[in-house]
Amino acid sequence: MSTPAPAPLPTPESPIGRIPVIEVGPTVENGRWPTKAVVGEAVPIRATVFREGHDAVAATAVLIDPAGRDHSWAPMQDISPGNDIYEAHLIPDAPGRWAFRVEGWSDPYATWRHDATVKVDAGVDTELMLAEGALVLERALAEVAHTPDGARTLRDAVTALRDVSRPPRARLAAGASVEVRAVLAAAPLRDFVSPSATYPLIVHRERALFGSWYELFPRSEGAYQDPDTGAWVSGTLRTAAQRLPAIAEMGFDVVYLTPIHPIGTTNRKGRNNTLETLPGDPGSPYGIGAAEGGHDAIHPDLGDFTDFDAFVARARDLGMEVALDLALQASPDHPWVREHPEWFTTRADGSIAYAENPPKKYQDIYPLNFDNDPEGIYTAVRELVQVWIDHGVTAFRVDNPHTKPLPFWQWLLADVAADHPEVLFLSEAFTRPAMMRTLAAIGFHQSYTYFTWRHSKEELTEYFTEVSGDAAAVMRPSFWPTTHDILTPYMQTGGASAFAIRAVLAATGSPTWGIYSGYELAEHVARPGAQEQIDNEKYEYKPRDWDAAARQFGLTDLLRRLNATRRAHPALQRLRNLSVHPTTDEAIFCFSRRERAEHTPDGQEDIVIVVVTLDPFTTRESLIHLDMAALGLAADADFIVHDHLTGESYSWGATPFVRLDPYGRCAHVLHLKAT
């Protein structure tokens, strides 16, 4: 009988402030786990702030650094008049465990300015109101530190307010001037300051949010059939390294390797996931473990750690990181099966249970059972992860994390982060929303998503809005049009056009995206009865003619242009800045990303508008009804847009017309330039 886990405690009642601050966000389970951000990201902080009566209230968002000190603050703006919802942006400038709070306060100056304007205009209590204004500004001088120029501005305003020789409206104008308001905005006089609770904010390096991944099966690169024997000869880490310059030239940031460990022979899968193995079949790299070793070893056909180190070094020279698949299961030949049979599930007949995901069966792998010896498994996994970190791996794509206990992941991710905060973990969990969200909450930096199955305009509108909205506080999406496991009916039937359309959507719809090697060839033929490629690379060697791919399909050039555009535009490197715009055609989808000037490295506002046809077969036409306010433009503004995919520029207004051809121009990726 297992021991029950300790129950978490609910948040106790806490006293409310004189200026109530409620509904603070973004938070995860009201602060149970930290909100996510990356260095330099503008994090939108919101809260509902109000008070009794009619006096003016205001709010301040405060950023707290990892040492517990107030780092910076930002005045919050009322973004929903009548609903008392305030917002500001805070920008952490280093990785670590930060925090934030919201302070509500009564604003005596704003209260006076409102009341004085009404009464002086009406000729009621004029001298009294002007005298009270002088007292408020004198308090501000005495109680708040100001710059010399700011203090001089306030003193001049006090003098003007008390100068009875001047007309009352002129004295009021001096006390309520733009200059005075600017001084008190920078250093306000605050009464009844009421702080919210302090909420955790975990800040990671930039790659946790923004990056382009390219998946690679190293054994396929350089593989060939011996002309004399017909036997396959595996590619190696050295031959795979020869592919790296081409991947870097397409603009990818991360090279992700499927498992490179020894592969078992017991129940080894043959081509197309069959149970019949022919001589020379390499088996699935996910059937990890053989006499040569387990998760901490390299398949001898691929080379050794010297070769792996050379691969990592070459990738780094080209500006790329290396990610490795972390698949916590074992082939029947894995050393763990012999040394620790208690780490697996034994069935009634004494056999060890293999993995199943009905109707799929994985007879070549045994899933781990964490219940019998969790401490032993925890230690073993932590040690094998360290092996790869020591050899330069900076990210792990975790296979099926939803089939392992959440407490294990929470412990492992925290333990790795304590020693190596730069190491990232991508959750490959295509499962129920609650599990996906909780995996992200307890520490996964990035998450696979349902994007792969969202195809209609309605589905994309809903999903893009969801992942860029409140969900962005906890789950950073990684968009993959296909994977080595997944080939949707849309991709099977749409040909190269479907691959182009989905690449545009993935690359611009999420700051992190990725493709499986072979995407450039639009490999769209499915294995009968399955939503995955026929002759799947998981079960065989698959060398490709990359030069032919570039000539025949044009996808290589598209990928290059998309990644170059992503690198050029800060708006495409952030998640929370997306707006969807209505179109008159059901197969035309339009959205924009806008990063304000104060949040970009060069201080220039950055706006990108993406228009994509969702129809891979026919030309479509549509009007777009742009939300001009979301773009920061006047309703009647005219502007120029430059298309990064074609190099063309257009003059647009609030309702532009587009015509998209899936076989030629399937999308516009437009940089907006105001005229």
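Here are some numbered notes on the predicted model shown above.

1. **Ground rules.** This is a predicted model, so local features need pLDDT of at least 70 and side-chain atom pairs count only at pLDDT 80 or more, while totals for chains, interfaces and linings use all residues. Residues are numbered from 1 along each chain as its sequence is written, and side-chain values use heavy atoms, with hydrogens and water left out.

2. **Overall build.** You'll find 16 helices and 32 strands in the protein. Both are DSSP runs numbered from the N terminus: helices are H or I with at least four residues, strands are E with at least two.

3. Of the 675 residues in the protein, 56% are buried. Here buried means under 20% relative accessible area, exposed means over 50%, and partly exposed is in between (1.4 Å probe, protein chains only). The accessible surface comes to about 28,900 Å², with 52% of that belonging to carbon and sulfur atoms. Those areas come from the Shrake-Rupley method with a 1.4 Å probe, and for residues only the protein chains shown count as cover.

4. **Contacts along the chain.** A contact is heavy atoms within 4.5 Å. Among contacts in the protein with a separation of 6 or more, 75% are between residues 24 or more positions apart.

5. **Charge count.** There are 60 positive and 90 negative side chains, and the centres of the two sets lie 3 Å apart. Lys and Arg count as positive and Asp and Glu as negative, whereas His and the chain ends are not counted. The place of a charge is taken as NZ of Lys, CZ of Arg, CG of Asp or CD of Glu.

6. **Salt bridges.** Side chains of opposite charge can pair when their charged atoms come close. The rule used here asks for a side-chain nitrogen of Lys or Arg within 4 Å of a carboxyl oxygen of Asp or Glu, and by that rule the count comes to 44. One of them joins Asp125 to Lys119, with the closest N and O atoms 3.7 Å apart. Asp125 is partly exposed at 40% relative accessibility, and Lys119 is also partly exposed, at 31%.

7. **A bridge between two helices.** Arg162 pairs with Glu138 in a salt bridge, the closest N and O atoms being 3.1 Å apart. Arg162 sits in helix H3 (residues 148–162) and Glu138 in helix H2 (residues 126–143), so this pair ties together parts that are 24 residues apart in sequence. Both ends are partly exposed: Arg162 has a relative accessible area of 41% and Glu138 has 31%.

8. **A bridge within one helix.** Arg152 and Asp149 form a salt bridge, with their closest N and O atoms 2.7 Å apart. They are three residues apart in helix H3, so about one helical turn separates them. Arg152 is partly exposed at 42%, while Asp149 counts as exposed at 52%. Elsewhere, salt bridges that share partners join Arg205, Arg207, Asp253, Glu321 and Arg567 into one network.

9. **Surface patches.** Patches are made of residues with over 30% relative accessible area and no salt bridge; like charges are joined within 9 Å, and nonpolar side chains (Val, Leu, Ile, Met, Phe, Trp, Tyr) within 5 Å. Glu458, Glu459, Glu462 and Glu466 make up a negative patch on the surface. Glu466 belongs to helix H13 (residues 457–468) and is partly exposed at 44%. A nonpolar surface patch consists of Ile16, Ile22 and Phe50, which together have about 250 Å² of accessible area. Ile22 is in strand E1 (residues 21–25) and is partly exposed at 32%.

10. **Gln533.** The loop in question runs between strand E24 (512–516) and helix H15 (546–552). Not counting residues up to four places away in sequence, Gln533 touches several residues, including Asn272, His484, Tyr516 and Arg527.

11. **Tyr650.** This residue lies in strand E30 (residues 649–652) and is partly exposed at 23% relative accessibility. Leaving aside neighbours within four places in sequence, Tyr650 is in contact with Phe639, Ile640, Val641, Asp643, Arg665, His668 and Leu670. Leu672 is 22 residues from Tyr650 along the chain, and their C-alpha atoms are separated by 9.8 Å.
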